[in-house]
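Please read each point with the coordinates open.

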Amino acid sequence: MEDNTGLAAGRGRWSFLGQVSDLELAYAAFRITLGVNIFFHGTMRLITGLDAWVMMQSKVFVDNPILPMWAVLAFLYVLPFVEAILGALTTLGLFTRWALLAGSAMIFWLVFGNLTRQDWGTVGNNMHYVLYYSLMIAGLRFNCFALDTLRAPTEAARQPSRGIA
């Protein structure tokens with residue numbers, strides 16, 4: 001029978017994890033997965049044809065009484081680039097706080113646009129991303145396996161601003 005007590009304490013084959021807590025591991029997995037998700041949202045739209053995607057998405061805004069079509073088209077043409085950049089930053093853990101805040105703003109504008117169309121199903125789906133971004137921002141002190149931790153002292157990178165827990 002194998003003795004697993006050393007594994008729980010960060011020894012044995014998992015020693016490269018050092019003193020990384022379960023919350024830090026969970027945060028890293030969540031951050032990386034969310035980042036890859038957002039990155040591929042944008043990247044696949046660029047790879048498969050931005051114009052075709054924009055035209056398909058803009059059709060549902062034609063009779064929108066609130067949003068002018070020029071604003072819809074401008075947003076749709078910019079969105080995939082924003083998604084690709086924010087997804088890459090989030091995945092790498094680089095400028096994580098700013099990437100998550102910008103991602104929250106991006107989701108806000110997606111929710112707003114879908115509210116003007118009264119597309120409650122899509123808004124409900126987008127609200128999941130609001131929750132994801134909120135949780136990621138709230139848990140920033142657990143950020144690890146991130147380029148941010150190389151740019152700043154480890155403890156300072158994980159501390160919430162103004163001592164808020």
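**Notes on the predicted model**

1. The side chains of Asp 119 and Arg 117 meet in a salt bridge, with 2.5 Å from N to O; the term denotes a side-chain nitrogen of Lys or Arg within 4 Å of a carboxyl oxygen of Asp or Glu. Arg 117 counts as partly exposed because its relative accessibility is 25%, where buried means under 20% relative accessible area, exposed over 50%, and partly exposed in between, with a 1.4 Å probe and protein chains only.

2. On provenance, this is a predicted model, in which local features need pLDDT of at least 70 and side-chain atom pairs count only at pLDDT 80 or more, while totals for chains, interfaces and linings use all residues. Residues are numbered from 1 along each chain as its sequence is written, and side-chain values use heavy atoms, with hydrogens and water left out.

3. The secondary structure comes to eight helices and zero strands, these being DSSP runs numbered from the N terminus (H or I of at least four residues for helices, E of at least two for strands). Along the sequence, the pattern reads α-α-α-α-α-α-α-α. Of the 165 residues of the chain, 34% count as buried.

4. By the salt-bridge rule the count comes to two. Besides the pair already described, Glu 83 and Arg 45 meet through their side chains at 2.8 Å, N to O. Because Glu 83 lies in helix 4 (residues 69-92) and Arg 45 in helix 2, this pair ties together parts that are 38 residues apart in sequence. Both Glu 83 and Arg 45 are buried. As background, side chains of opposite charge can pair when their charged atoms come close.

5. The two helices joined by that pair also pack against each other: helix 2 and helix 4 have axes 7 Å apart and an angle of about 155°, the axes being lines fitted to C-alpha atoms over the stretch in contact, with angles from 0 to 180 degrees between N-to-C directions. Helix 2 is therefore roughly antiparallel to helix 4, given that angles under 35 degrees count as roughly parallel, over 145 as roughly antiparallel, 65 to 115 as roughly perpendicular and the rest as oblique. The crossing of helix 2 and helix 4 is left-handed, that is, the near helix is turned anticlockwise from the far one by less than a right angle.

6. Helix 6 (residues 120-138) has axis contacts with two partners worth checking. With helix 2, the axes come within 11 Å and cross at roughly 135°, which means that helix 2 is oblique to helix 6; this crossing is left-handed. With helix 5 (residues 96-116), the axes come within 9 Å and cross at roughly 165°, so helix 5 is roughly antiparallel to helix 6. Helix 5 likewise passes helix 6 in a left-handed crossing.

7. Which residues make the nonpolar surface patch of about 430 Å²? The patch is made by Ile 32, Val 36, Phe 40, Met 44 and Ile 47; patch residues have over 30% relative accessible area and no salt bridge, with like charges joined within 9 Å and nonpolar side chains (Val, Leu, Ile, Met, Phe, Trp, Tyr) within 5 Å. Accessible areas come from the Shrake-Rupley method with a 1.4 Å probe, and for residues only the protein chains shown count as cover. Phe 40 sits in helix 2 (residues 22-48) and, at 42% relative accessibility, counts as partly exposed.

8. Finally, Leu 89 is found in helix 4 and is partly exposed, with a relative accessible area of 22%. Leu 89 and Leu 147 are 58 residues apart in sequence and 9.3 Å apart in space, C-alpha to C-alpha.
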